[in-house]
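Subject: Structure handover

Hello,

Here is the structure you were going to take over. My notes on what was found in it follow below.

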Amino acid sequence: MFPTPVQKSSPTVRLSYQAFLPVALILWLLPLIAVMIFSIKPDVDFTSGNYWGWPSSFEGFTNYGLVFFESAMPRYLLNSVMITVPTVIGTVALACMTGFALGVYKFKGNLLIFFMFIAGNFVPFQILMVPVRDLTVDMGLYNTKTGLVLFHIAFQTGFATLFMRNFIRALPFALIEAARVEGVAEWRIFWYVVLPLMKPAIAAMAVLIFTFIWNDYFWAVVLTQGPESQPVTAGITSFNAQYRAAYHLMSAGSIVAALPPVLMFFLMQKHFIAGLTLGAVK
């Protein structure tokens, strides 16, 4: 029923696995390797058509220096931080509270409210582009970091609620009942009993939401414009000139933009894996 583990397979299968694994890894990393090579090439290589050949000269320090000191990239990075961090905090906070309410309390309409929270995840976000943009314009939130933060929190809370509710329902309910018997208030049960047990789930959700929001490009283009409010994903396009794109600077900017999510994942890797696998084995 289940596939045979590689360790228990025949020697031919194990050798084939060991041979094809590096090939698959290289193919997977090939786009990233290409972007890294582009980021150290001089501009003349692109005008002469040397896209995939060896760099005529190594201009990595020059390209990254232009990105950091001769462009609005630091401002775009700051905008991304100011958009992503409040979104993560707001989404996780709301999801913890709604997950606690929907996972602990049993009342008529519980499933209906839960369905309303997650129903938005089944709607393709592209068809929401026009009404969401019109709503932000009417509310005076268009081209503002606040509007983008509020929209992301509203859109991500549904998925986060689904995650937190299921996690809370897997916790030992006897702990909550024991606290109630002792006369502990409900908000204290949430804060002192349930929330400490949710730390792995909070860490996993924070990493996921951080990655989603930091890498968002669609809504960054739809709801913002200009360096005053655009995040780094949309700001990279500022390296496009009128007649051609500065591929070497766009590549360097892409590498810089990709570093925070990667760093976030490696710093939270232990808690992230624990949050996703907790409860998988009884």
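Predicted model: local features only at pLDDT ≥ 70, side-chain atom pairs only at ≥ 80, totals over all residues.

A residue is called buried under 20% relative accessible area, exposed over 50%, and partly exposed in between.

Salt bridges

Two salt bridges turn up in a search of the whole structure. One of them joins the side chains of Arg 180 and Glu 186, at 3.1 Å from N to O.

Charges over rings

Arg 133 also has a ring contact: Arg 133 lies over the face of Tyr 142, at 5.1 Å from the ring centre. A further case is Arg 165, which sits over the face of Phe 114 at 4.1 Å from the ring centre.

Aromatic pairs

The search of the whole structure gives 12 aromatic pairs. One of these is Phe 151 with Phe 155, a stacked pair with 5.7 Å from centre to centre and 25° between the planes. The pair counts as stacked because planes under 30 degrees apart fall in that class. Both residues belong to helix α7 (residues 145–169) and are four residues apart, about one turn of the helix.

Nonpolar core

The largest nonpolar core contains 50 residues, and those with the most contacts inside it are Met 164, Val 194, Met 198, Val 232 and Phe 239. Helices that each supply at least two residues of this core include α4 (73–104), α7, α8 (173–181), α9 (186–197), α10 (199–214), α11 and α13 (247–267). Helix α4 gives the most to the core, with 10 residues.

Val 221

Val 221 lies in helix α11 (residues 218–223). At 38% relative accessibility, Val 221 is partly exposed. Pro 231 is 10 residues from Val 221 along the chain, and the C-alpha atoms of the two are separated by 9.0 Å.

Domains and annotated regions

The chain is divided into domain 1 (1–31) and domain 2 (71–276). The C-alpha centres of domain 1 and domain 2 are 35 Å apart.

An unreviewed UniProt entry lists residues 20–40, 76–104, 111–129, 149–168, 189–214 and 245–267 under "transmembrane region". How much helix does the model have over residues 20–40? The chain there is 95% helix and 0% strand, with the end C-alpha atoms 29 Å apart. Over residues 245–267 the corresponding values are 91% helix and 0% strand, and the end C-alpha atoms are 34 Å apart.

Regards

How values were computed: Residues numbered from 1 in each chain as written. Heavy atoms only, no water. Phe/Tyr/Trp six-rings, centres within 6.5 Å; stacked < 30°, edge-to-face > 60°. Lys NZ or Arg CZ within 6 Å of the ring centre and 35° of its normal. Salt bridge = Lys/Arg side-chain N within 4 Å of Asp/Glu carboxyl O. Domains from an automatic or database assignment. UniProt positions renumbered as here; feature names shortened; annotations may be inferred. Buried < 20%, exposed > 50% of the residue type's maximum accessible area, 1.4 Å probe, protein only. Core = buried A, V, L, I, M, F, W, Y, C linked by side-chain atoms within 4.5 Å.
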